[in-house]
Amino acid sequence: MAIDFTLAPEHEEIRKGVRAFIQEVVIPASDELSERDRDAYLRGIFALREKAKAEGLWLPHMPKEWGGMGLGHVELAMVQSEAAKTRLGPWVLNCQAPDEGNMHTLLHWADDSQKEKYLRPLLEGRQMSCFAMTEPEVAGSDPTLIQTRAVKDGDEWVINGHKWFISNARRASFAILIARTEDDVPEGHRGANTAFLIDLPQEGWNDVREVETMHGSTGHSEIVIKDLRVTDSQILGGRGNGHRLGQYRLGPARLAHCMRWISQAETALDMMVDRALNRHSHGSLLAEKQGVQWLIADSAMELYQCKLMVLHAAYKIDRGEDFRTEVSMAKHFVANSLNRIIDRAIQVHGALGYSTDTPLAHMFQHARWARFADGADEIHQMRIAERTIAAYQATGSTASATGDLPL
(Lines give C-alpha, C1' and ligand atoms only; values in the text may rest on other atoms or scores of the structure.)
Protein backbone atom coordinates (compact mmCIF):
# COMPACT_ATOMS: atom_id res chain seq x y z
CA MET A 1 0.00 0.00 0.00
CA ALA A 2 1.48 3.33 -1.10
CA ILE A 3 0.61 6.44 0.87
CA ASP A 4 1.88 9.58 -0.83
CA PHE A 5 1.29 12.90 0.89
CA THR A 6 3.11 14.84 -1.81
CA LEU A 7 0.94 17.64 -3.09
CA ALA A 8 0.11 17.93 -6.76
CA PRO A 9 1.83 20.99 -8.29
CA GLU A 10 -1.43 22.96 -8.35
CA HIS A 11 -2.06 22.18 -4.68
CA GLU A 12 1.49 23.12 -3.73
CA GLU A 13 0.88 26.48 -5.41
CA ILE A 14 -2.28 26.88 -3.29
CA ARG A 15 -0.35 26.08 -0.11
CA LYS A 16 2.32 28.62 -1.00
CA GLY A 17 -0.36 31.14 -1.90
CA VAL A 18 -2.11 30.70 1.45
CA ARG A 19 1.20 31.01 3.31
CA ALA A 20 2.10 34.22 1.49
CA PHE A 21 -1.39 35.67 1.96
CA ILE A 22 -1.37 34.96 5.69
CA GLN A 23 2.17 36.26 6.24
CA GLU A 24 2.03 39.29 3.97
CA VAL A 25 -1.61 40.39 4.22
CA VAL A 26 -3.50 38.91 7.18
CA ILE A 27 -0.88 39.09 9.94
CA PRO A 28 0.12 42.73 9.28
CA ALA A 29 -3.56 43.75 9.09
CA SER A 30 -4.40 41.75 12.25
CA ASP A 31 -1.70 43.59 14.18
CA GLU A 32 -3.45 46.87 13.43
CA LEU A 33 -6.97 45.72 14.36
CA SER A 34 -8.33 46.31 17.84
CA GLU A 35 -11.49 44.70 19.20
CA ARG A 36 -12.03 47.80 21.32
CA ASP A 37 -13.47 49.45 18.22
CA ARG A 38 -15.85 46.66 17.20
CA ASP A 39 -17.11 48.34 14.02
CA ALA A 40 -13.60 49.01 12.72
CA TYR A 41 -12.56 45.49 13.70
CA LEU A 42 -15.39 43.93 11.68
CA ARG A 43 -14.76 46.22 8.71
CA GLY A 44 -11.15 45.09 8.76
CA ILE A 45 -12.11 41.41 8.73
CA PHE A 46 -14.63 41.92 5.92
CA ALA A 47 -11.98 43.76 3.89
CA LEU A 48 -9.57 40.85 4.39
CA ARG A 49 -12.28 38.42 3.33
CA GLU A 50 -12.78 40.31 0.08
CA LYS A 51 -9.04 40.06 -0.56
CA ALA A 52 -9.15 36.30 0.13
CA LYS A 53 -11.98 35.91 -2.40
CA ALA A 54 -10.02 37.90 -4.97
CA GLU A 55 -7.02 35.61 -4.42
CA GLY A 56 -9.16 32.49 -4.85
CA LEU A 57 -8.57 31.46 -1.23
CA TRP A 58 -12.20 31.26 -0.12
CA LEU A 59 -13.92 28.18 1.38
CA PRO A 60 -11.04 25.68 1.00
CA HIS A 61 -13.23 22.93 2.49
CA MET A 62 -16.21 23.30 0.15
CA PRO A 63 -16.84 21.92 -3.36
CA LYS A 64 -16.21 24.19 -6.34
CA GLU A 65 -19.87 24.07 -7.35
CA TRP A 66 -20.68 25.81 -4.07
CA GLY A 67 -18.01 28.48 -4.51
CA GLY A 68 -15.24 26.66 -2.65
CA MET A 69 -11.75 25.50 -3.55
CA GLY A 70 -12.74 21.84 -3.81
CA LEU A 71 -9.83 20.50 -1.76
CA GLY A 72 -9.63 17.01 -0.30
CA HIS A 73 -8.85 16.57 3.38
CA VAL A 74 -5.11 16.01 2.82
CA GLU A 75 -4.85 19.27 0.87
CA LEU A 76 -7.13 20.97 3.39
CA ALA A 77 -4.72 20.01 6.17
CA MET A 78 -2.02 22.06 4.48
CA VAL A 79 -4.32 25.06 4.04
CA GLN A 80 -5.77 24.97 7.55
CA SER A 81 -2.33 24.71 9.15
CA GLU A 82 -1.11 27.71 7.16
CA ALA A 83 -4.25 29.74 7.91
CA ALA A 84 -4.02 29.08 11.65
CA LYS A 85 -0.65 30.80 11.92
CA THR A 86 -2.79 33.71 13.07
CA ARG A 87 -6.08 33.62 14.98
CA LEU A 88 -7.94 35.45 12.23
CA GLY A 89 -6.64 33.28 9.38
CA PRO A 90 -9.49 30.72 9.33
CA TRP A 91 -12.06 33.53 9.66
CA VAL A 92 -10.59 35.36 6.69
CA LEU A 93 -10.76 32.22 4.50
CA ASN A 94 -14.24 31.38 5.91
CA CYS A 95 -13.18 27.98 7.24
CA GLN A 96 -13.54 28.68 10.97
CA ALA A 97 -15.31 26.62 13.63
CA PRO A 98 -18.21 26.11 14.16
CA ASP A 99 -19.32 27.35 10.73
CA GLU A 100 -16.94 25.03 8.88
CA GLY A 101 -18.47 21.92 10.46
CA ASN A 102 -22.00 23.26 9.99
CA MET A 103 -21.30 23.84 6.30
CA HIS A 104 -20.27 20.20 5.88
CA THR A 105 -23.38 19.10 7.78
CA LEU A 106 -25.79 21.19 5.73
CA LEU A 107 -24.17 20.14 2.47
CA HIS A 108 -24.70 16.47 3.34
CA TRP A 109 -28.00 16.51 5.27
CA ALA A 110 -30.04 19.56 4.19
CA ASP A 111 -32.71 19.50 1.49
CA ASP A 112 -32.55 21.97 -1.40
CA SER A 113 -34.64 24.67 0.26
CA GLN A 114 -32.67 24.40 3.50
CA LYS A 115 -29.40 24.70 1.58
CA GLU A 116 -30.57 27.91 -0.05
CA LYS A 117 -31.82 29.40 3.21
CA TYR A 118 -29.05 28.33 5.58
CA LEU A 119 -26.00 27.03 3.70
CA ARG A 120 -25.63 29.63 0.98
CA PRO A 121 -25.47 32.66 3.35
CA LEU A 122 -22.76 30.84 5.34
CA LEU A 123 -20.75 30.17 2.19
CA GLU A 124 -21.08 33.78 1.08
CA GLY A 125 -19.93 35.02 4.50
CA ARG A 126 -23.18 36.89 5.13
CA GLN A 127 -24.21 34.89 8.21
CA MET A 128 -22.75 32.86 11.06
CA SER A 129 -24.15 29.82 12.87
CA CYS A 130 -23.89 27.67 15.97
CA PHE A 131 -24.34 24.01 16.92
CA ALA A 132 -26.42 23.49 20.06
CA MET A 133 -25.85 20.06 21.56
CA THR A 134 -23.97 20.25 24.90
CA GLU A 135 -26.06 20.43 28.10
CA PRO A 136 -25.11 21.20 31.71
CA GLU A 137 -27.21 18.42 33.28
CA VAL A 138 -25.61 15.48 31.45
CA ALA A 139 -22.15 14.41 30.25
CA GLY A 140 -21.38 16.51 27.18
CA SER A 141 -19.44 13.72 25.55
CA ASP A 142 -22.50 11.43 25.42
CA PRO A 143 -25.21 12.92 23.17
CA THR A 144 -27.47 9.90 23.77
CA LEU A 145 -28.22 11.42 27.21
CA ILE A 146 -29.58 14.72 25.87
CA GLN A 147 -32.49 16.02 27.97
CA THR A 148 -33.79 18.80 25.69
CA ARG A 149 -37.20 17.63 24.43
CA ALA A 150 -39.12 18.38 21.25
CA VAL A 151 -42.78 17.35 21.52
CA LYS A 152 -45.20 17.27 18.62
CA ASP A 153 -48.14 19.69 18.99
CA GLY A 154 -50.36 19.64 15.91
CA ASP A 155 -48.34 20.90 12.97
CA GLU A 156 -45.53 22.17 15.18
CA TRP A 157 -42.84 20.94 17.55
CA VAL A 158 -42.49 22.53 20.98
CA ILE A 159 -38.93 22.48 22.31
CA ASN A 160 -37.84 22.91 25.93
CA GLY A 161 -34.35 22.43 27.30
CA HIS A 162 -31.06 23.84 28.46
CA LYS A 163 -27.81 24.18 26.48
CA TRP A 164 -24.44 25.66 27.28
CA PHE A 165 -20.98 26.30 25.84
CA ILE A 166 -22.73 26.98 22.54
CA SER A 167 -19.94 28.66 20.60
CA ASN A 168 -20.87 31.60 18.38
CA ALA A 169 -24.48 31.70 19.63
CA ARG A 170 -24.59 35.45 20.09
CA ARG A 171 -23.37 36.07 16.54
CA ALA A 172 -25.40 33.31 14.89
CA SER A 173 -28.29 33.81 12.48
CA PHE A 174 -29.35 30.22 13.04
CA ALA A 175 -28.61 27.19 15.18
CA ILE A 176 -28.50 23.48 14.49
CA LEU A 177 -30.22 22.23 17.65
CA ILE A 178 -30.19 18.61 18.83
CA ALA A 179 -33.26 17.55 20.85
CA ARG A 180 -34.85 14.28 21.93
CA THR A 181 -37.98 13.45 19.92
CA GLU A 182 -38.38 9.66 20.19
CA ASP A 183 -39.66 8.62 23.63
CA ASP A 184 -40.01 4.98 22.59
CA VAL A 185 -36.21 4.72 22.22
CA PRO A 186 -34.58 3.88 25.58
CA GLU A 187 -32.47 6.67 27.05
CA GLY A 188 -28.80 6.09 26.29
CA HIS A 189 -29.49 4.54 22.87
CA ARG A 190 -29.06 6.09 19.43
CA GLY A 191 -32.03 7.08 17.34
CA ALA A 192 -33.78 9.20 19.96
CA ASN A 193 -32.59 12.62 18.81
CA THR A 194 -33.48 14.91 15.93
CA ALA A 195 -31.67 17.97 14.55
CA PHE A 196 -33.68 21.17 14.05
CA LEU A 197 -32.75 24.38 12.22
CA ILE A 198 -33.59 27.33 14.49
CA ASP A 199 -33.78 30.87 13.11
CA LEU A 200 -32.24 33.40 15.50
CA PRO A 201 -33.33 35.43 17.28
CA GLN A 202 -36.58 33.62 18.04
CA GLU A 203 -39.09 33.61 20.86
CA GLY A 204 -38.26 30.76 23.23
CA TRP A 205 -34.49 30.91 22.61
CA ASN A 206 -33.13 32.73 25.66
CA ASP A 207 -29.44 33.63 25.70
CA VAL A 208 -28.71 33.74 29.43
CA ARG A 209 -25.01 34.62 29.45
CA GLU A 210 -21.63 34.08 27.92
CA VAL A 211 -19.83 31.57 30.11
CA GLU A 212 -16.62 33.05 31.49
CA THR A 213 -13.66 30.79 30.70
CA MET A 214 -9.89 30.83 31.27
CA HIS A 215 -9.53 33.12 28.25
CA GLY A 216 -12.49 35.37 29.09
CA SER A 217 -16.01 35.77 27.70
CA THR A 218 -15.46 34.93 24.06
CA GLY A 219 -18.70 33.56 22.74
CA HIS A 220 -19.63 30.35 24.58
CA SER A 221 -23.25 30.92 25.55
CA GLU A 222 -25.66 29.35 28.00
CA ILE A 223 -29.11 29.02 26.41
CA VAL A 224 -32.46 28.25 28.05
CA ILE A 225 -35.08 27.04 25.58
CA LYS A 226 -38.68 27.62 26.66
CA ASP A 227 -41.65 26.63 24.48
CA LEU A 228 -39.77 27.29 21.26
CA ARG A 229 -41.92 26.32 18.26
CA VAL A 230 -40.73 24.95 14.91
CA THR A 231 -42.28 23.08 11.99
CA ASP A 232 -41.39 19.84 10.23
CA SER A 233 -39.67 21.89 7.51
CA GLN A 234 -37.02 22.81 10.09
CA ILE A 235 -35.99 19.20 10.74
CA LEU A 236 -32.49 18.61 9.37
CA GLY A 237 -31.62 15.16 8.08
CA GLY A 238 -34.80 13.37 9.04
CA ARG A 239 -36.48 12.54 12.31
CA GLY A 240 -34.42 10.38 14.68
CA ASN A 241 -31.13 11.05 12.86
CA GLY A 242 -29.74 13.60 15.29
CA HIS A 243 -27.06 11.28 16.65
CA ARG A 244 -25.89 10.16 13.20
CA LEU A 245 -25.83 13.76 12.01
CA GLY A 246 -23.81 14.87 15.03
CA GLN A 247 -21.24 12.12 14.59
CA TYR A 248 -20.96 12.83 10.86
CA ARG A 249 -20.28 16.46 11.69
CA LEU A 250 -17.79 15.84 14.47
CA GLY A 251 -15.42 13.47 12.65
CA PRO A 252 -14.03 15.88 10.02
CA ALA A 253 -14.52 18.82 12.41
CA ARG A 254 -12.24 17.17 14.98
CA LEU A 255 -9.58 16.69 12.33
CA ALA A 256 -9.93 20.31 11.21
CA HIS A 257 -9.26 21.38 14.81
CA CYS A 258 -6.13 19.20 14.76
CA MET A 259 -4.96 20.87 11.55
CA ARG A 260 -5.21 24.28 13.22
CA TRP A 261 -3.64 23.04 16.48
CA ILE A 262 -0.62 21.74 14.56
CA SER A 263 -0.03 25.27 13.33
CA GLN A 264 -0.14 26.59 16.89
CA ALA A 265 2.22 23.86 18.10
CA GLU A 266 4.65 24.65 15.28
CA THR A 267 4.52 28.34 16.16
CA ALA A 268 5.35 27.50 19.78
CA LEU A 269 8.26 25.29 18.72
CA ASP A 270 9.60 28.00 16.41
CA MET A 271 9.43 30.48 19.29
CA MET A 272 11.14 27.99 21.62
CA VAL A 273 14.08 27.49 19.25
CA ASP A 274 14.37 31.21 18.51
CA ARG A 275 14.47 32.01 22.22
CA ALA A 276 17.07 29.29 22.84
CA LEU A 277 19.29 30.71 20.09
CA ASN A 278 19.09 34.26 21.41
CA ARG A 279 19.22 33.84 25.20
CA HIS A 280 22.61 33.57 26.91
CA SER A 281 22.78 32.13 30.42
CA HIS A 282 25.56 30.73 32.62
CA GLY A 283 28.25 30.87 29.98
CA SER A 284 26.37 29.61 26.91
CA LEU A 285 23.26 29.91 24.82
CA LEU A 286 20.16 28.09 26.02
CA ALA A 287 20.31 26.14 22.74
CA GLU A 288 23.62 24.63 23.88
CA LYS A 289 22.23 23.32 27.15
CA GLN A 290 21.18 19.67 27.20
CA GLY A 291 18.05 20.24 29.26
CA VAL A 292 16.73 22.77 26.73
CA GLN A 293 17.75 20.52 23.83
CA TRP A 294 15.60 17.76 25.30
CA LEU A 295 12.61 20.11 25.41
CA ILE A 296 13.16 20.99 21.75
CA ALA A 297 13.74 17.36 20.72
CA ASP A 298 10.63 16.06 22.48
CA SER A 299 8.55 18.81 20.90
CA ALA A 300 9.92 18.15 17.41
CA MET A 301 9.21 14.41 17.70
CA GLU A 302 5.68 14.99 18.94
CA LEU A 303 4.94 17.51 16.20
CA TYR A 304 6.18 15.02 13.60
CA GLN A 305 3.81 12.40 15.00
CA CYS A 306 0.94 14.91 15.00
CA LYS A 307 1.47 15.73 11.34
CA LEU A 308 1.64 12.07 10.28
CA MET A 309 -1.49 11.15 12.25
CA VAL A 310 -3.51 14.02 10.80
CA LEU A 311 -2.35 13.37 7.25
CA HIS A 312 -3.13 9.65 7.50
CA ALA A 313 -6.60 10.27 8.96
CA ALA A 314 -7.27 12.83 6.20
CA TYR A 315 -6.06 10.30 3.62
CA LYS A 316 -8.56 7.74 4.93
CA ILE A 317 -11.42 10.25 4.80
CA ASP A 318 -10.55 11.12 1.19
CA ARG A 319 -10.53 7.41 0.27
CA GLY A 320 -13.95 6.84 1.83
CA GLU A 321 -12.54 4.43 4.43
CA ASP A 322 -13.56 4.10 8.08
CA PHE A 323 -11.61 6.87 9.77
CA ARG A 324 -13.17 6.91 13.24
CA THR A 325 -10.27 5.34 15.13
CA GLU A 326 -7.61 7.39 13.35
CA VAL A 327 -9.48 10.66 13.98
CA SER A 328 -9.99 9.77 17.65
CA MET A 329 -6.28 9.00 18.00
CA ALA A 330 -5.28 12.20 16.23
CA LYS A 331 -7.68 14.34 18.24
CA HIS A 332 -6.41 12.96 21.56
CA PHE A 333 -2.72 13.02 20.64
CA VAL A 334 -2.62 16.42 18.92
CA ALA A 335 -4.58 18.14 21.69
CA ASN A 336 -2.23 16.81 24.36
CA SER A 337 0.89 17.51 22.30
CA LEU A 338 -0.30 21.08 21.78
CA ASN A 339 -0.49 21.57 25.55
CA ARG A 340 2.94 20.03 26.13
CA ILE A 341 4.73 21.92 23.36
CA ILE A 342 3.32 25.31 24.36
CA ASP A 343 4.16 24.56 28.00
CA ARG A 344 7.78 23.79 27.06
CA ALA A 345 7.98 26.99 25.02
CA ILE A 346 6.76 28.97 28.04
CA GLN A 347 9.40 27.27 30.20
CA VAL A 348 12.21 28.22 27.81
CA HIS A 349 10.94 31.81 27.73
CA GLY A 350 10.79 31.95 31.54
CA ALA A 351 8.74 34.76 33.05
CA LEU A 352 8.42 36.35 29.59
CA GLY A 353 6.49 33.31 28.39
CA TYR A 354 4.07 33.61 31.31
CA SER A 355 3.42 37.26 30.49
CA THR A 356 1.22 38.56 27.70
CA ASP A 357 4.21 40.15 25.94
CA THR A 358 4.30 37.02 23.77
CA PRO A 359 1.28 35.08 22.44
CA LEU A 360 2.25 31.94 24.40
CA ALA A 361 0.12 32.62 27.49
CA HIS A 362 -2.98 33.18 25.37
CA MET A 363 -2.17 30.11 23.26
CA PHE A 364 -1.83 28.00 26.41
CA GLN A 365 -5.25 29.07 27.69
CA HIS A 366 -6.86 27.99 24.43
CA ALA A 367 -4.82 24.78 24.29
CA ARG A 368 -6.27 23.51 27.56
CA TRP A 369 -9.71 23.66 25.97
CA ALA A 370 -8.54 21.29 23.23
CA ARG A 371 -8.44 18.29 25.56
CA PHE A 372 -12.21 18.19 26.05
CA ALA A 373 -13.61 20.04 23.01
CA ASP A 374 -15.37 17.68 20.58
CA GLY A 375 -14.96 14.78 22.98
CA ALA A 376 -12.89 14.59 26.16
CA ASP A 377 -9.59 12.70 26.20
CA GLU A 378 -11.11 9.85 28.16
CA ILE A 379 -14.01 9.36 25.72
CA HIS A 380 -11.61 9.02 22.80
CA GLN A 381 -9.46 6.63 24.80
CA MET A 382 -12.51 4.53 25.57
CA ARG A 383 -13.55 4.39 21.89
CA ILE A 384 -10.00 3.59 20.77
CA ALA A 385 -9.80 0.77 23.30
CA GLU A 386 -13.21 -0.60 22.27
CA ARG A 387 -12.23 -0.69 18.60
CA THR A 388 -8.83 -2.21 19.37
CA ILE A 389 -10.44 -4.99 21.39
CA ALA A 390 -13.08 -5.54 18.70
CA ALA A 391 -10.39 -5.76 16.01
CA TYR A 392 -8.54 -8.44 17.95
CA GLN A 393 -11.73 -10.39 18.63
CA ALA A 394 -12.66 -10.30 14.94
CA THR A 395 -9.27 -11.07 13.38
CA GLY A 396 -6.89 -12.20 16.12
CA SER A 397 -4.83 -9.06 15.53
CA THR A 398 -4.96 -5.41 16.54
CA ALA A 399 -3.37 -4.27 13.25
CA SER A 400 -6.56 -2.81 11.80
CA ALA A 401 -6.99 -0.66 14.91
CA THR A 402 -3.54 0.89 14.59
CA GLY A 403 -3.91 2.46 11.17
CA ASP A 404 -4.12 -0.78 9.20
CA LEU A 405 -0.69 0.01 7.80
CA PRO A 406 1.69 -2.44 6.04
CA LEU A 407 4.10 -2.54 8.98
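The largest nonpolar core has 42 residues, of which L255, V310, I342 and L360 touch the most other members. Here a nonpolar core is a set of buried Ala, Val, Leu, Ile, Met, Phe, Trp, Tyr and Cys residues joined through side-chain atoms within 4.5 Å, and buried means under 20% relative accessible area with a 1.4 Å probe, protein chains only. The model is predicted, with local features requiring pLDDT of at least 70 and side-chain atom pairs pLDDT 80 or more, while totals for chains, interfaces and linings use all residues. Numbering runs from 1 along each chain as its sequence is written, and side-chain values use heavy atoms, with hydrogens and water left out.

- Beyond neighbours within four places in sequence, I342 is in contact (heavy atoms within 4.5 Å) with A268, L360, M363, F364 and A367.
- A separate second core of 23 residues includes A110, Y118, F131 and L236.

**Annotated C-terminal region**

- An unreviewed UniProt entry annotates residues 240-387 as "domain: Acyl-CoA dehydrogenase/oxidase C-terminal"; such annotations may be inferred rather than shown by experiment.
- Residues 240-387 are 79% helix and 3% strand, with the end C-alpha atoms 25 Å apart.

- M133 lies in the loop between β1 (129-132) and β2 (149-153) and counts as buried because its relative accessibility is 12%.
- Residues up to four places away in sequence aside, M133 touches P143, I146, K163, I166, I178 and L250.
- The search of the whole structure finds one cavity of 30 Å³ or more; on a 1 Å grid over the protein atoms alone, a cavity is a set of points where a 1.4 Å probe fits but cannot get out, and lining residues have an atom within 4 Å of a point.
- The largest cavity, of about 40 Å³, is lined by M133, T134, E135, V138, A139, G140, D142, P143 and I146.

**Second largest pocket**

- The second largest pocket has a volume of about 280 Å³; a pocket is an open set of points with protein on both sides within 12 Å along at least five of seven lines, and a volume is the space filled by probe spheres set on the points.
- Its lining comprises 13 residues, with A77, M78, S81, I262 and K307 nearest the centre.
- α3 gives the most to this lining, with four residues.

Methods. Helices (H or I, at least four residues) and strands (E, at least two) are DSSP runs, numbered from the N terminus. Buried means under 20% relative accessible area, exposed over 50%, partly exposed in between (1.4 Å probe, protein chains only).
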